[in-house]
Amino acid sequence: MKRIHYIILAAVVLLGACEKPVDFDPGEVKPYVVMISKPVSDSLMSVYVGYSRFFLDNRSFGTVTDATVTLSDGTGSYTGVYDPRGFLLSGSHYYYTDGEYWMEDSVFYGGYTFTLRPQPGDTLRLTATVPGYDKEISATTTMPRMPEVEVLDLVVDTGNGNYYDEYGGYYGKDNYYYKVRFKVKSHGNDDYYSVSIKYAGEFLNSSGLSYWDTVHMRSTMFSVNDPLVNSHDLADAIDGYDGSFYGDEMAFSSELFQNGEHEFTAIFSIWPNLDEFDYAQIPIRLEVRSLSKELYRYEQTSANAEYDSFDGLFSEPVQVICNIDGGIGVFGGATQKTYRMPQSRYGTFSHDDGYYFKKKRK
């Protein structure tokens with residue numbers, strides 16, 4: 001039978017999408033072992049181990065519950081303990097209801113947990129043996145150094161109290177808009193980062209007590225118009241977008257930094273839900289992660305595989321970068337630091353809304 005060069009899709013969407021070009025006989029497709037771990041500095045580690053599936057297979061992904069997973073950091077060796085909810089796939093937004101905190105859109109998989117809390121500079125080696133699978137799965141990563149960021153300014157624009165949207169609708173209550181300037185400093189042209197912006201939630205209990213909840217911070221969408229992160233593709237051009245970044249997590253490298261640093265300006269908005277709170281004084285945090293090279297490349301290429309297509313009609317398959325020997329997946333670390341925003345000052349600036357592109361009228 002003629003052999004065909006296909007791309008095997010492992011854990012598409014749900015597990016971050018990982019692809020490897022593999023020659024195979026279409027009549028006999030053997031799954032690969034998938035191993036995914038994204039350790040964060042000073043946090044407990046977890047590892048997902050499962051099986052890939054053929055891209056035409058609609059069955060759920062298989063999780064391996066009887067693997068032997070071992071982690072070493074150069075000073076000791078640790079054996080993972082399987083937990084049915086040990087691997088958090090997604091979910092970072094908290095909300096409060098019925099006396100409990102919950103994480104929005106949380107997706108948990110079974111995973112192997114470790115007591116080790118990796119630190120910046122640690123070199124980690126992960127191995128797994130799966131019953132019935134004749135290869136040992138392994139990968140190595142080095143935890144990146146702590147990011148260096150300087151928050152320069154925070155401006156809040158409370159608007160004029162009313163506005164017309166692009167359809168002529170009139171509204172009497174406007175968003176609060178925020179503009180933050182921050183500078184990222186690198187140690188070379190091969191450092192990798194991601195940035196997200198968090199804000200405190202409003203806490204108002206039945207007794208009327210109100211305060212900002214700075215423990216369970218929420219993510220916000222923000223925009224950055226900067227050559228380092230702008231995306232200029234055909235689909236954006238046809239849709240009328242200017243290519244500016246817009247999302248809840250911005251990833252970039254230091255390759256084009258000048259003199260080892262680069263300044264970004266981010267704009268975002270918050271809708272004032274409750275009159276008891278002064279949203280001009282809301283606590284805001286800048287969350288910055290230094291990424292290992294393999295994690296950065298994996299996340300960038302998996303994002304392209306999921307989103308970078310021209311309506312799915314003319315796009316070529318995107319190969320996602322993996323670093324698992326004997327299997328597919330990713331083992332890459334991140335070192336995270338949170339920066340408090342300075343006291344906001346009042347000002348006015350241009351801020352087209354990311355969703356409605358509304359224009360204010362005087």
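**Figure 1. Ser-344 and its contact with Ala-280.** A polar atom of the Ser-344 side chain lies 2.8 Å from the backbone oxygen of Ala-280. This view, like the others, shows a predicted model. Ser-344 sits in the loop between β25 (334–340) and β26 (345–346). Is Ser-344 buried or exposed? Its relative accessibility is 11%, so Ser-344 counts as buried; the cut-off for buried is under 20%. Leaving out residues up to four places away in sequence, Ser-344 touches Leu-154, Val-156, Ala-280 and Gln-281.

**Figure 2. The whole protein in outline.** The protein has 362 residues, and 41% of them count as buried. Its secondary structure comes to two helices and 26 strands. Consider the contacts between residues at least 6 apart in sequence: 70% of them join residues at least 24 apart.

Figure 3. Nonpolar side chains tend to be buried together in soluble globular proteins. Here, the largest nonpolar core has 36 residues. Which residues have the most contacts inside this core? They are Tyr-178, Phe-182, Met-250, Phe-252, Ile-284 and Leu-286. Several strands give two or more residues to this core, among them β13 (148–157), β16 (176–185), β17 (192–204) and β18 (210–219). A second core is separate and has 22 residues. Val-64, Tyr-112, Leu-116 and Val-130 are included in the second core.

**Figure 4. Thr-220 in the loop between β18 and β19.** Thr-220 is placed in the loop that joins these two strands. Its relative accessible area is 8%, so Thr-220 is buried. Which residues does Thr-220 contact, beyond its neighbours within four places in sequence? They are Ile-197, Tyr-199, Gly-247, Asp-248, Phe-268 and Ser-269. Asp-248 is 28 residues from Thr-220 along the chain, yet their C-alpha atoms are separated by 5.7 Å.

Figure 5. Strands of a sheet pair through backbone hydrogen bonds, either parallel or antiparallel. In this sheet the order is β6-β5-β11-β12, and the pairing is antiparallel. Which strands stand at the edges? They are β6 (77–79) and β12 (137–142). Each has a single partner strand, so one side of each is left without a neighbour in the sheet. From one strand to the next, the twist averages 20 degrees.

**Figure 6. The pairing of β5 with β11.** Strand β5 covers residues 68–72, and strand β11 covers residues 123–129. The two run antiparallel and pair over five bridges. Within this pair, Thr-70 stands opposite Thr-127 in β11.

**Figure 7. Two loop residues with positive phi.** Most residues other than glycine have a negative phi. Asp-42 has a positive value, near 60 degrees. Asp-42 is found in the loop between β3 (33–37) and β4 (46–51). Its relative accessibility is 45%, so Asp-42 counts as partly exposed. Asn-259 also has a positive phi, near 55 degrees. Where does Asn-259 lie? It lies in the loop between β21 and β22. At 80% relative accessibility, Asn-259 counts as exposed.

Methods:
Residues numbered from 1 in each chain as written. Heavy atoms only, no water. Core = buried A, V, L, I, M, F, W, Y, C linked by side-chain atoms within 4.5 Å. Buried < 20%, exposed > 50% of the residue type's maximum accessible area, 1.4 Å probe, protein only. Helix = DSSP H or I, 4+ residues; strand = E, 2+ residues; numbered from the N terminus. Contact = heavy atoms within 4.5 Å. Polar contact = N/O pair within 3.5 Å; in protein donor to acceptor, adjacent residues only side chain to side chain. Pairing = 2+ DSSP bridges. Axes fitted to C-alpha atoms, helices over the stretch in contact; angles between N-to-C directions.
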